[in-house]
Amino acid sequence: MKLLIIEDEKELAESMASYLKNENYTCEIAFNFKQALDKIETSDYECIALDITLPGGSGMQILKELKNNKKTDGVIIISAKNSIDDRISGLRLGADDYLVKPFHLSELAARINAIIRRKMYNGNNIIHFNEIFIDTLAKQVMVRKDLVELTRKEYELLLYFLSNQRRVVSKNALVSHLWNQEMGTGESADIIYTHIKNLRKKLHEKGCGDYIRSLYGMGYKLTDQ
Amino acid sequence: MKLQAQYNKISIASSIIVLLIAGAGYYFLLHYVLKDQLDETLRVEQVEIQDFIKTNHSLPPATTYKDQRIEFKKIDKIFPQSFRTLMLYNTEDKENELSRQLLFPVEVNGQYYAASVTKSQEDTEKIIGVILLITLGLIILLSILLFLANRFLVKRLWKPFQATLSSIKNFDLNAPSAIKTEKTIIHEFNELNENIIMMTEKVVKDYLSLKHFTDYASHEIQTPLAVINSKLDILIQDPALNEKNLQNLQAIYDAVDKMSKLSQSLLLLTRIENNQFTDRQEVNLHETTKNIIQELDDWIREKSLTVCNNIGELKVTMNRRLADTLISNLIINAIKYSGRQESILLRSEKKMFTISNPGMQALAGDQIFDRFWKSEYSDGTGLGLAIVKQICDHCGFLLRYEFREKIHHFSIVF
């Protein structure tokens, strides 16, 4: 599957590409408006991460171009502007999501995964990690064939981990994913810890392996190694 | 007082004073001249009588002719001649009349007589009266003319000024339109207009650049922060990192979060200031509060706080996003600065929202709403309460802080 990153800030674009590419994804980068237009004309992408302010043109123009050419590429807008107007006009032009800078790469990965899942027409709404299966439509978690009762926050945590398998996810990324950063991270460390503790317990009760590793409380990783 | 009224007052008052003084002067001068003239007539009569006596050696007949009367009276000795003014009964008009009399001695054949020539002064008085009336009439006429001239002419002269003034009054920095001025031949007004146009253009330009500056600055900060965050996200994947490294990375993460929040908050403050939240609707604060408390449930439970939500059906017309920010900032504040197992009380009266939480000592009431003010326990941006204040000011709500019996009370009166 191919992803396209349209971002003029070179370092950011490269970080994004290096984080996103794995066994399933290949990443291409366009640093300006013209490169972006060339790329979307010549290939199809599963998902495009699109910066709105580009040298040589607006990201909105690229959205219009995609729409005019009846392309079905998923698009996530990446904008420095946390503006409702921009968000609305972006979504109206066919974007699937809107992410405000600064963001965590794990958040970007989770959102791109969600877009791609939604774009799959063959009803592939199951993601899994070893014996853990998540049905993202029914919002259900199963260990092998056993249903696990999770709270909303625990479900979102697990889904986030599965979207970032075998990667370290920072505590700050988890906090901003779950609560839109309303409170300081100081207060949130304990809360995250409590939620993860409960999640591990519930999975363990269903005979699931313990895959969530903590890195001294500053980050977590879903891994089987 | 209006300039025109003030000008009218001065000009009319001064003209009346001048005319009154002139009128009085005129009256006395005229009086003097006419009396002098009357006295002259009496003297001519005296000379005629004296000539008659010299020629005829007898007294002329005492006569009363029209308003002139000549009389003689025997006397013993000579007296100096004199003029006097007196009231005399006029047999013709059958009334007392103001008269002028010349008394002088004459000698006929060794016998002294007191001769008197009397003339009625009534005609003179009449002339003076008419003249006074004309003067008074002139005063009134002049005042009316001055008043009308001021009213219409001056008003017309000031019209371009009024036009400029009303254009300035209607000027709105948030929706700037060019100042409309009237072309006029009056140099001062043209100069005023030119300067006002220049000034407003500059103000609009400065305001826009200032407005955009904070906007741009906040946005421009976001991309470098995104770069830092993304590099941190890559960096923590490195399995060789030890605990010390990770602690340092955590500090950088937190600093980036704080910086991002800071610039978001500053942007929000600027947007409120710039009137960018124009759409308003009826917001039910009961719902708003309930939702916010639900969202913050994790923190409330973590600190084992009791939140008592007694907000009734309190409906306020305002921007929904601002309402959310207003209430959530107050609640977050209360949660942050409450100790474990304490209780937060929210209640509403008719048009008032109050949130209370226990505290050790009063906060500096005059500073807590200032930007970047922080209590010694705060690790936040110092903008939370400033945003609350800004929203209240923007919407015309009254924000109050009180500390009573070891409890902080924040109230908003809508």
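Colleague: How many salt bridges does the count come to over all chains?

Modeller: The general idea is that side chains of opposite charge can pair when their charged atoms come close. In this structure, which is a predicted model, the count over all chains comes to 25 salt bridges.

Colleague: How far apart are the closest N and O atoms in the salt bridge of Glu131(A) with Arg144(A)?

Modeller: The closest N and O atoms of Glu131(A) and Arg144(A) are 3.6 Å apart.

Colleague: Is Glu131(A) buried or exposed?

Modeller: Buried means under 20% relative accessible area. Glu131(A) has a relative accessible area of 12%, and therefore counts as buried.

Colleague: Which side chain meets that of Arg166(A) in a salt bridge?

Modeller: The side chain of Asp224(A) meets that of Arg166(A), with 3.3 Å from N to O. Here too the pair links distant parts of the chain, the residues being 58 residues apart. Arg166(A) is in the loop between α6 (152–163) and β12 (168–170) of chain A, whereas Asp224(A) is in the segment after β14 (219–222) of chain A. Arg166(A) is partly exposed at a relative accessible area of 33%, and Asp224(A) is partly exposed at 31%.

Colleague: In which helix do Glu40(B) and Arg43(B) both lie?

Modeller: Both residues belong to helix α1 (residues 3–56) of chain B. Glu40(B) and Arg43(B) are three residues apart, about one turn of the helix. Their side chains meet in a salt bridge at 3.0 Å, N to O. Glu40(B) is partly exposed at 43% relative accessibility, and Arg43(B) is partly exposed at 32%.

Colleague: Which residues are linked in a network of salt bridges?

Modeller: One such network links Lys2(A), Glu28(A) and Lys39(A).

Colleague: Let us turn to the interface. What area do chain B and chain A bury between them?

Modeller: The size of an interface is often given as the accessible area lost when the parts come together. Chain B and chain A bury about 3600 Å² between them, and 58% of that area is on carbon and sulfur atoms. Gln237(B), Asp298(B) and Trp299(B) supply 18% of the area that chain B buries against chain A, more than any other three residues. The contact takes 34 residues from chain B and 40 residues from chain A.

Colleague: How many residue pairs are in polar contact between chain B and chain A?

Modeller: The count is 12 residue pairs in polar contact, both residues being at pLDDT 80 or more. The elements of chain B that give two or more residues to the side touching chain A are α3 (187–235), α4 (243–273), α6 (297–302) and α7 (320–336). By class, that side of chain B has 12 nonpolar, 10 polar and 12 charged residues. The count of salt bridges between chain B and chain A is two. One of them joins Lys231(B) to Glu11(A), with the closest N and O atoms 2.8 Å apart.

Colleague: Next, the strands. Why is strand β12 of chain B largely enclosed by the rest of the structure?

Modeller: In a regular strand the side chains alternate between the two faces of the sheet. Strand β12 (residues 407–413) of chain B is largely enclosed because five of its seven residues are buried.

Colleague: How many bridges join strand β10 of chain B to β12(B)?

Modeller: Seven bridges join strand β10 (residues 352–358) of chain B to β12(B), and the two run antiparallel. Within this pairing, Thr354(B) stands opposite Ser411(B). Strand β11 (residues 398–404) of chain B is also joined to β12(B) by seven bridges and runs antiparallel to it. Leu399(B) has Ile412(B) as its bridge partner in β12(B). β11(B) and β12(B) form a hairpin with two residues between them, and Glu405(B) in the turn has a positive phi of about 45°.

Colleague: Finally, which residues is Leu262(B) in contact with, leaving aside its neighbours within four places in sequence?

Modeller: Leu262(B) is in contact with Phe372(B), Thr381(B) and Leu383(B). Leu262(B) is found in helix α4 of chain B and is partly exposed, with a relative accessible area of 28%. The C-alpha atoms of Leu262(B) and Gly382(B) are separated by 8.7 Å, although these residues are 120 residues apart along the chain.

Key:
Residues numbered from 1 in each chain as written. Chains lettered and ligands numbered in written order. Predicted model: local features only at pLDDT ≥ 70, side-chain atom pairs only at ≥ 80, totals over all residues. Heavy atoms only, no water. Buried < 20%, exposed > 50% of the residue type's maximum accessible area, 1.4 Å probe, protein only. Helix = DSSP H or I, 4+ residues; strand = E, 2+ residues; numbered from the N terminus. Pairing = 2+ DSSP bridges. Contact = heavy atoms within 4.5 Å. Buried area = accessible area lost by both parts, 1.4 Å probe. Salt bridge = Lys/Arg side-chain N within 4 Å of Asp/Glu carboxyl O. Polar contact = N/O pair within 3.5 Å; in protein donor to acceptor, adjacent residues only side chain to side chain. Nonpolar A, V, L, I, M, F, W, Y, C, P; charged D, E, K, R; others polar.
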